[in-house]
Structure formats: C-alpha cells, structure tokens
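Please open the structure in a viewer and keep the selection tool at hand.

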Amino acid sequence: MELEAAKFVGAGLAAIGMIGAGIGVGNVWSSYITALSRNPASKDDIGANIWIGFAVTEAIALFALIVALISLFG
Amino acid sequence: MAGPLEQFEIKPIVPIRVGDLDLSFTNSSLFMVIAVVVITTFLVTSMRGRALVPTRLQSMAEMSYEVIANMIRDNVGMDGRRYFPFVFSLFMFVLVGNLLGLIPGAFTFTSHIIVTFGLAAVIFIGTTVIGIARHGTHFLQLFFPPGAPLWTAIILVPVELVSYLSRPVSLSVRLFANMTVGHVILKVIAGFVALLGVFGVLPILGLVAITGLEFMIAIIQAYVFAILTCVYLHDALHLH
C-alpha cells in the first residue's frame, strides 16, 4: 500500500476513537438534566461543573483527532 | 492557495541570533505582547475611576477578579488565596490569547504545543514543589491514600502515579488541540466558499455558527485551564 493511501486509512481509523467521547459528552448533559429535574434549586451549584466535565471529556475526542491529523500531515 | 495548516507557521518579525540560538521576535511573541498590553490596559483604565458604584468597564474588571477569587476559594480553600495572582495572570493570558486568535488574520499563540506545554510544565512543577515543601515525605500519600488496604497498593500506586504524571500532558494537549482544531475547521470551511460560487452562502452561514462556537470554546478552555490548576493546587496543599 502506498504511503498516501496508508495515511488516509490511518486518519480514518483514528477518528473512530471519538465515539467514546461523544457518548461521554452526552452523558454530562443528560445527568445535568436529570439532576436539575429532581432538584431545580441546585441549578447554580452544579452549573459551573458542567463545563469542566464537558471540556475534560471533549479533550479525549481531540486527542483522537490530533492522532488523525498527525497521521495525515505528519 | 494555502492549506489549512499554514496559519500556524511561526514567522520571525525581528530576526535575532545569539550564537547558535534563534531568539527572533516572531508573530507568536508579538501576539503575546499584544495580549499582555490588552490585559494591562483593560485593568488599569477600568479601575482608574475607583467608583464605589462601578461603571460598566469597572464592573467587567471586578467580575473577572471575582470569578477567579471564587474559583480559588471554592476549589483550593482559604490558604490558596496567596496563589491568586498566579491563577489570575494564567487565566487572563490564556483567555485573551484564545480570543485574539479569533480576529481574522491574527495568530493564536495558544495553538502551539510548546506554549501550552510551557504553561502546564510550570503548573505541574510548581504544584509538586509546593506539595513537597508543605508536606515533606507525606506528599507520597497522594499516591497511596491512607486507609486503603495494603494489598491494593500494587495496582493503586502505579495507576495514581501515571494519572499524576499525565496531568501536564492532558492540560497542555487539551488547550492546544482545541485551539488548533477550531482554526483548522474554520479554514477548511472557508475554503469551500470560493469553490461553490453562488452557493458559497451556505459555507458562510456555517462559518458564522462555528465562529460563535469557537468563541464559546475559547472562553471555556481558558476557564477549564484555570480551574484544573486550582484542583491540582488543592491536591498539593491538602493531599486529597
């Protein structure tokens, strides 16, 4: 297989790793909505933590994307 | 036509060579200087009036102070307040760096792994030194919490050690990847505008939406960088 073709295949495979991050990010907001529906008064307490959870989970998706970009352009 | 990765090239503006070292003043350094000038001007001019009932500009400066002060008080505790200047400078530098990059034609200095790794390395080494200075050899309790049964040490200690050593890596790669990927997406979609001719309106609408997303990501990533620094400081000062 030529190097160019292998690069594209590698990039495509690396991007599969984002599935987990997609599920994780969905989980963050689904638990927020569930917690908010059980106790609407806690909105301000957990409000700040959603964004931390989102950013930390999104980072995993971006690690996978960086591997894909490295195999494409590295 | 340039590819999507040419925007991250470092171009020297004032070439300076010291022996074998290349210490040029580059576009990256220029934007770091611009960020510091923007932050200083904003804080100095908005607080010049020192009104008891703040004007809008003074409100903004006071709010940025409050966000970090509350973050430190909630995440590090009362003895963490001495680290406020460090966390505040870190937060404002990363925030203004991220936001300056969204100006068309500007350079995002936080999109380079060396810059973010420099910041993360300082935070990692700093918190480790602070922890060792405060607790001495008790600092190693961070990796083997008291109360855990001895036989779990074989799995627990390596796992805790690896997760501790991965902190600077994850901190730096998170910021660098978010900034790089955001700008690459913007350039790739912008490339479609010329290709589609009259239907180029659709990529432009996409660009507006993604630029809005990038603003949100710039602010959130700066906030997450600062709050994770506070969490690591808490770990170093209070050992879980």
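**Chain B as a whole**

Before selecting anything, note that this is a predicted model. Begin with chain B, which contains seven helices and four strands. The C-alpha trace of chain B extends over about 70 × 50 × 50 Å along its principal axes. Chain B has 240 residues, of which 26% count as buried. If one takes the contacts in chain B between residues at least 6 apart in sequence, 62% of them join residues at least 24 apart.

**The nonpolar core**

Next, select Phe91(B), Ala222(B), Phe225(B), Ala226(B) and Cys230(B). These residues have the most contacts inside the largest nonpolar core, which has 45 residues. At least two residues of this core come from each of H3 of chain A and H1, H2, H3, H4, H6 and H7 of chain B. H7(B) gives the largest share of the core, 13 residues. As general background, nonpolar side chains in soluble globular proteins tend to be buried together.

Now centre the view on Ala222(B), which belongs to helix H7 of chain B. Is Ala222(B) buried or exposed? Ala222(B) has 22 other C-beta atoms within 10 Å, and because the cut-off for burial is 20 or more, Ala222(B) is buried. Setting aside neighbours within four places in sequence, one finds Ala222(B) in contact with Phe91(B), Val94(B), Leu95(B) and Asn98(B). For a distance to check in the viewer, take Val87(B): Ala222(B) and Val87(B) are 135 residues apart in sequence, and their C-alpha atoms are 11 Å apart in space.

Move along to Ala226(B). Residues up to four places away in sequence not being counted, Ala226(B) touches Ile68(B), Met71(B), Val87(B), Leu90(B) and Phe91(B).

**Where the two chains meet**

Show both chains together. Here 12 residues of chain B are in contact with nine residues of chain A. On the chain B side, helix H6 (167-195) and helix H7 (201-238) are the elements that give two or more residues. H6(B) supplies the largest share of that side, six residues. Sorted by class, the side of chain B that touches chain A has eight nonpolar, three polar and one charged residues.

Within this region, select helix H3 (residues 43-73) of chain A together with H7(B). How do their axes cross? The two axes come within 10 Å and cross at roughly 95 degrees, which means that H3(A) is roughly perpendicular to H7(B).

**Helices in the open**

Turn to chain A and select helix H1 (residues 3-15). H1(A) has 13 residues and reaches 19 Å from first C-alpha to last, close to the 18 Å expected at 1.5 Å a residue. The number of buried residues in H1(A) is zero, so H1(A) lies largely in the open.

Continue to helix H2 (residues 18-38) of chain A. The 21 residues of H2(A) should span 30 Å at 1.5 Å a residue, and the end C-alpha atoms are 31 Å apart, which agrees. H2(A) is hardly covered, its count of buried residues being zero.

In chain B, select helix H5 (residues 153-165). H5(B) has 13 residues and reaches 18 Å from its first C-alpha to its last, close to the expected 18 Å. None of the residues of H5(B) is buried, so H5(B) lies largely in the open.

Return to helix H7 of chain B, where Leu205(B) is found. Leu205(B) is exposed, because 9 other C-beta atoms lie within 10 Å. The C-alpha atoms of Leu205(B) and Phe8(B) are separated by 24 Å, the two residues being 197 residues apart along the chain.

The last stop is Arg50(B), in the loop between H1 and H2 of chain B. Arg50(B) is not a glycine, yet its phi is positive, at about 50 degrees. Arg50(B) counts as exposed, with 7 C-beta neighbours inside 10 Å.

Notes:
Residues are numbered from 1 along each chain as its sequence is written. Chains are lettered from A and ligands numbered from 1 in the order in which they are written. This is a predicted model: local features need pLDDT of at least 70, side-chain atom pairs count only at pLDDT 80 or more; totals for chains, interfaces and linings use all residues. Two residues are in contact if their C-beta atoms, placed from the backbone, lie within 7 Å. Ala, Val, Leu, Ile, Met, Phe, Trp, Tyr, Cys and Pro count as nonpolar, Asp, Glu, Lys and Arg as charged, and the others, Gly among them, as polar. The expected span of a helix is 1.5 Å times one less than its number of residues. A residue is buried if 20 or more other C-beta atoms lie within 10 Å of its own, exposed if 12 or fewer, and partly exposed in between; C-beta atoms are placed from the backbone. Axes are lines fitted to C-alpha atoms, for helices over the stretch in contact, and angles run from 0 to 180 degrees between N-to-C directions. Angles under 35 degrees count as roughly parallel, over 145 as roughly antiparallel, 65 to 115 as roughly perpendicular and the rest as oblique. A nonpolar core is a set of buried Ala, Val, Leu, Ile, Met, Phe, Trp, Tyr and Cys residues joined through C-beta atoms within 7 Å.
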